Amino acid sequence: MLRDRSHPTGVDRRHFLSVGASSAAVTMLAPNAQAQRNADARDARDPLDLTLSINGRDHRLSLDPRTTLLDAAREHLGLTGTKKGCDQGQCGACTLLVDGRRVLSCLTLAASVEGAAITTIEGLSQNGELHPMQQAFIDHDAFQCGYCTPGQIMSAVACVQEGHASDDAQIREYMSGNLCRCAAYPNIVAAVREAAAKMRDI
Ligand code: FES
Ligand code: FES
């Protein structure tokens, strides 16, 4: 008569050995998987070669893949007109244009805008002449300390081009992402209103 070799728990020796072998295989693979993860992590920190087209000029850069567009412009290219305020997407000081659309450069990876046409405050004037929005901010004293001003102006240019500057209420609403700690808001609205009229005539 065959003896029942099953363990009282229901796990027989054959099952025990097969599970043990599988576990050993997993244990042997685990260090390789970890090594791969470590290699991937190292790859993620390796410098990334890319070209950014800013204000009509191509700039070749080698950046940490985590570099924001704001830091690429300010720290790597010396384009310090774009300001770092909160660095968290809350103040609008870092606003610039990517393919004509306003973006918060502190929340935008430089690598994600390769191939796009980027415009900073330094690229707004043409042939030595201030952009109508820049001139209007001066004419209306639309700043005090000036720290928010480049972001305000870039946002205002896009606001007009989007068709969101038809009256003061609309200007206030569509410029609400740009904070001014000096509270120059009435003058900013007046500047955008005047520049909008001029930009429509261009
Ligand atoms: S610095 Fe980007 S939103 Fe404040
Ligand atoms: S002018 Fe000072 S923060 Fe706007």
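Predicted model: local features only at pLDDT ≥ 70, side-chain atom pairs only at ≥ 80, totals over all residues.
Student: In what order do the helices and strands of the protein chain run from the N terminus?

Tutor: The protein chain holds 6 helices and 5 strands. Read from the N terminus on, their order is α-β-β-α-β-β-β-α-α-α-α.

Student: Does β1 pair with β2 in the parallel or the antiparallel sense?

Tutor: The two strands form a hairpin with 2 residues between them. Within their pairing, Leu50 stands opposite Leu61 in β2. The pairing of β1 and β2 extends over 7 bridges, and its sense is antiparallel.

Student: Which residue in β5 stands opposite Ile54?

Tutor: Strand β1 also pairs with β5, in the parallel sense and over 2 bridges. In β5, the residue opposite Ile54 is Ile118.

Student: Is Asn55 buried, partly exposed or exposed?

Tutor: Asn55 is located in the loop between β1 and β2. Its phi is near 50 degrees, a positive value in a residue other than glycine. Most residues other than glycine have a negative phi. Because its relative accessibility is 28%, Asn55 counts as partly exposed.

Student: What distance separates the C-alpha atoms of Asn55 and Ile118?

Tutor: When residues up to four places away in sequence are left out, Asn55 touches several residues, including Ile118, Thr119 and Leu79. Asn55 and Ile118 are 63 residues apart along the chain, and the separation of their C-alpha atoms is 6.2 Å.

Student: Which residue in the hairpin of β3 and β4 takes a positive phi?

Tutor: Strands β3 and β4 pair in the antiparallel sense over 4 bridges. In this pairing, Leu96 stands opposite Val103 in β4. The hairpin has 2 residues between the strands, and the residue with a positive phi, near 50 degrees, is Asp99.

Student: Which strands are included in what covers the buried residues of α2?

Tutor: Helix α2 spans residues 69–76, and its buried residues are Leu69, Leu70, Ala72 and Ala73. After α2 comes Gly78, with a positive phi near 70 degrees. The cover over the buried residues of α2 includes the strands β1, β2, β3 and β5.

Student: Which helices do the buried residues of α3 pack against?

Tutor: In α3, which covers residues 132–139, the buried residues are Pro132, Met133, Gln134, Ala136 and Phe137. These buried residues of α3 pack against α4 and α6.

Student: Is Asp141 buried or exposed?

Tutor: Asp141 lies in the loop between α3 and α4. Although Asp141 is not a glycine, its phi is positive, at about 50 degrees. The cut-off for an exposed residue is over 50%. Since its relative accessibility is 54%, Asp141 counts as exposed.

Student: How many charged residues are in the lining of the largest pocket?

Tutor: The largest pocket contains about 160 Å³ of space. Its lining includes Cys86, Cys91, Tyr147, Arg181 and Cys182. By class, the lining has 9 nonpolar residues and 1 polar residue, while the number of charged residues is 1.

Student: What is the volume of the largest cavity?

Tutor: The count of cavities of 30 Å³ or more comes to 1. Residues lining the largest cavity include Leu48, Leu50, Leu63 and Asp64. By class, this lining has 6 nonpolar, 1 polar and 1 charged residues. The volume of the largest cavity is about 30 Å³.

Notes: Residues numbered from 1 in each chain as written. Chains lettered and ligands numbered in written order. Heavy atoms only, no water. 1 Å grid on protein atoms, 1.4 Å probe; cavity = no way out; pocket = protein on both sides within 12 Å on 5 of 7 lines; lining within 4 Å. Points joined across faces, edges and corners; volume = space filled by probe spheres on them. Nonpolar A, V, L, I, M, F, W, Y, C, P; charged D, E, K, R; others polar. Buried < 20%, exposed > 50% of the residue type's maximum accessible area, 1.4 Å probe, protein only. Contact = heavy atoms within 4.5 Å. Pairing = 2+ DSSP bridges.
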